[in-house]
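The following exercises concern one protein structure.

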Amino acid sequence: MSNLVIVESPAKAKTIKKYLGEDYDVVASMGHVRDLPSARLSVDVNNNFEPKYEIIKGKEKLVDELIAKAGRSERVYLATDPDREGEAISWHLAYLLGLGLDEIDRVEFNEITKTGIKNGMASPRAINIDLVNAQQARRILDRLVGYKLSPFVSQKIHRGLSAGRVQSVAVRIIVDREQEIRAFKPEEYWTLDAKFIPKGSRKAFNASLYGTKEGKLKITTKEQADKILADLDGAEYMITKVKNGTRKKSPAPPFITSTLQQEASRKLNFQSRRTMKVAQELYEGVEVEGIGAIGLITYMRTDSLRISNDAVADAQAYIRAEYGDNYLPPKPRFFKSRAGAQDGHEAIRPSTPSITPAQVKSSLTTDQYKLYKLIWERFTASQMADCIQKTTQADIEGNGYIFKAAGYKVEFDGFTRLYVEGNDDAQTKDNQILSLEKDTPCKLKELTPNQHFTQPPARYTEASLIKALEEYGIGRPSTYAATISTITSREYVKREGKTLFPTELGEALAGLMKERFPKIVNVKFTAQMEQDLDTVESGKTEWVELLTEFYTEFDKTLKKAKAEMQGVKIQLKEDETDIICEKCGRKMVVKVGRYGKFIACPGYPECKNIKKYVEEVGVKCPKCGGDVIVKRTKKGKAFYGCSNYPTCDFVSWYEPVDERCPNCGDILFKRKGKKGGVFCQHEGCGYKK
């Protein structure tokens, strides 16, 4: 009889099997096997919130096979992912397979490598029921909010809507930012920017007007700027103060889930769901030429910055060999996790730091390579020496006015030789100024007045929204991707490039929730709920007690809202089209239903005429002259095709533009990615701009 090891995915099973050998049968549960059925609430609110779990539809045969395999095995190991969700899957498996909860059969693999699997198999334990209860409490909490609140929201706005607990808060955050932007009133201000050339030099450096010896000047009008320009006419300039210094820039710590999603958004233009999908593949294992099946990164759902001594030693050995001892810090770097971090796993790092991106590039998909390179470089750079910069600050005086210049020169590049962290803010070029000396006369090369206006706060991107959710304490690392995917797919939020905008539907939902269910969309309340779930995990709070406290107040609020809003319907502004209803002659409008957008007559219920919603690109088909429209795959990915399909078979993943190639005359397409531009797909042409 062999031992049975149950993991979640076939890829993970394949990699683990390689290390465990013939005495072990490694199989996949394909994720959850038992859950709350979606057709009904499935929670008995009058009986301690007892959940009514059922085997997930379509998995009955798989469960029967697992039961049969478990019956033939000497021992069963439950090796699902090392987090709350994985613990719950093991708990459900134990129930279905007839395993006792006190049996020592739960193992965790924080990395899918020979060492990681050996360590996991050497330390089996009983199922952690507190972890299970924390997951169960969250699942029931979300089910109660979703199934009790969604019918009310659908009735008050329009059919088919849903209101999730964490998703509603995320929508509110985006709506609040949009309202801030609308209410923002820009204020005018001016800067005077100069270029000076020190005596004895040919190179100019930049400086900006600071003020006078009395203090900083605030220039708010053109008249003020013009007066200062007049005062400076014919002025002679002298460097009156120079301060030289040294500053050290330390590397960013290795990734945690949220920072990985943020950086992949900034640098790779990956949406968070895409990032987590690829990270899961790298963790579970890929076939690498010359190595075989191996998990290339540690577990990717973590909020801890802890790293093992062995990983640090491996990184140091690589840095020493590749760059030399001077690129190592005086002592190994270790990083402190933020307050409230669960610290269940290490930071996200290469499971084997000596395996470089270049070594595995040929064995990985493009996305896998890009993400592995990002993770590997971030971790390796975190163990490198500081970047040392020589800084200079200088005052330049003329006719009683003071200009200030500041800049730096890199003395030692350190970790920046390998990796520099991205930034959400607009990037400005650092001023790498010359070595300046006090009492040096300067010639004014250029003095330019520049008008500015204060800017409203920036709209959220995926990266900045994830950062905000983390800072507020809303959700957990494993929930960010699903939250953003949900609010965009339900069209509460739309994405333009990287920017997230609330839709009219999203604003209506947020407004209703703020008015009637302020606690549900209150940032502090939601953050406190996350902390309460953590106390369930630590065994300090009973999960039924937590749910009782929440549901008692929630149920009262819901009943009150239903009574006070009886007969009230929130009207959304409908987008009018140029399509004339052939039944009654009205202009048809775009509506949103359970299955997305559709065209309908505004005369409903007298006129019930509806049509399929078609999103036109505004470009004619290059093959037949029909309209090019946006289509979507079953998974929702957009592509472009001819409205005359199947008569015309034109199709493209790239959006066509109303412009022809100057070389061959063929239609041009928008280029994806940060650089944008257009290109020609005609074979052998190669035109792009």
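**Exercise 1.** Which residue in β7 does Ile-6 stand opposite?

*Solution.* Ile-6 stands opposite Leu-78 in β7. The model is a predicted one, in which local features need pLDDT of at least 70 and side-chain atom pairs count only at pLDDT 80 or more, while totals for chains, interfaces and linings use all residues. Residues are numbered from 1 along each chain as its sequence is written, and side-chain values use heavy atoms, with hydrogens and water left out.

**Exercise 2.** How many bridges join strand β14 to β15, and which other strand is joined to β15?

*Solution.* 
Step 1. Strand β14 (residues 387-398) and β15 run antiparallel and are joined by 11 bridges. Within this pair, Lys-390 stands opposite Lys-409 in β15.
Step 2. The two strands form a hairpin with 2 residues between them, and Asn-399 in the turn has a positive phi of about 50°.
Step 3. Strand β9 (residues 205-212) is also joined to strand β15 (residues 401-412), by 4 bridges in antiparallel fashion. Ser-208 has Lys-404 as its bridge partner in β15.

**Exercise 3.** Describe the sheet that contains β28.

*Solution.* 
Step 1. This open sheet has 3 strands in the order β27-β28-β29, with antiparallel pairing. β27 (656-660) and β29 (678-680) stand at the edges, each with a single partner strand, so one side of each is left without a neighbour in the sheet.
Step 2. From one strand to the next, the twist averages 45°.
Step 3. Between β27 and strand β28 (residues 667-670) there are 3 bridges in the antiparallel sense.

**Exercise 4.** At what angle do helices α16 and α17 pack, and which residues meet?

*Solution.* 
Step 1. Two packed helices are described by the angle between their axes and the distance between the axes.
Step 2. For helix α16 (residues 523-537) and helix α17 (residues 543-564), the angle is about 160° and the axes are 9 Å apart.
Step 3. Angles under 35 degrees count as roughly parallel, over 145 as roughly antiparallel, 65 to 115 as roughly perpendicular and the rest as oblique. The helices α16 and α17 are therefore roughly antiparallel to each other.
Step 4. Phe-525, Met-529, Asp-532, Leu-533 and Val-536 in α16 meet Trp-543, Leu-546 and Phe-550 in α17.

**Exercise 5.** Which residues line the largest cavity?

*Solution.* 
Step 1. A cavity is a set of points on a 1 Å grid over the protein atoms alone where a 1.4 Å probe fits but cannot get out; lining residues have an atom within 4 Å of a point. Grid points are joined across faces, edges and corners, and a volume is the space filled by probe spheres set on the points.
Step 2. The structure holds 1 cavity of 30 Å³ or more, and the largest cavity has a volume of about 40 Å³.
Step 3. Its lining consists of Arg-165, Ile-520, Phe-525, Thr-526, Met-529 and Phe-550. Helix α16 supplies the largest share of this lining, 3 residues.

**Exercise 6.** Where does Asn-269 lie?

*Solution.* Asn-269 lies in the loop between α8 (257-268) and α9 (272-284). Although Asn-269 is not a glycine, its phi is positive, at about 60°.

Terms used. Pairing = 2+ DSSP bridges. Axes fitted to C-alpha atoms, helices over the stretch in contact; angles between N-to-C directions. Contact = heavy atoms within 4.5 Å. 1 Å grid on protein atoms, 1.4 Å probe; cavity = no way out; pocket = protein on both sides within 12 Å on 5 of 7 lines; lining within 4 Å.
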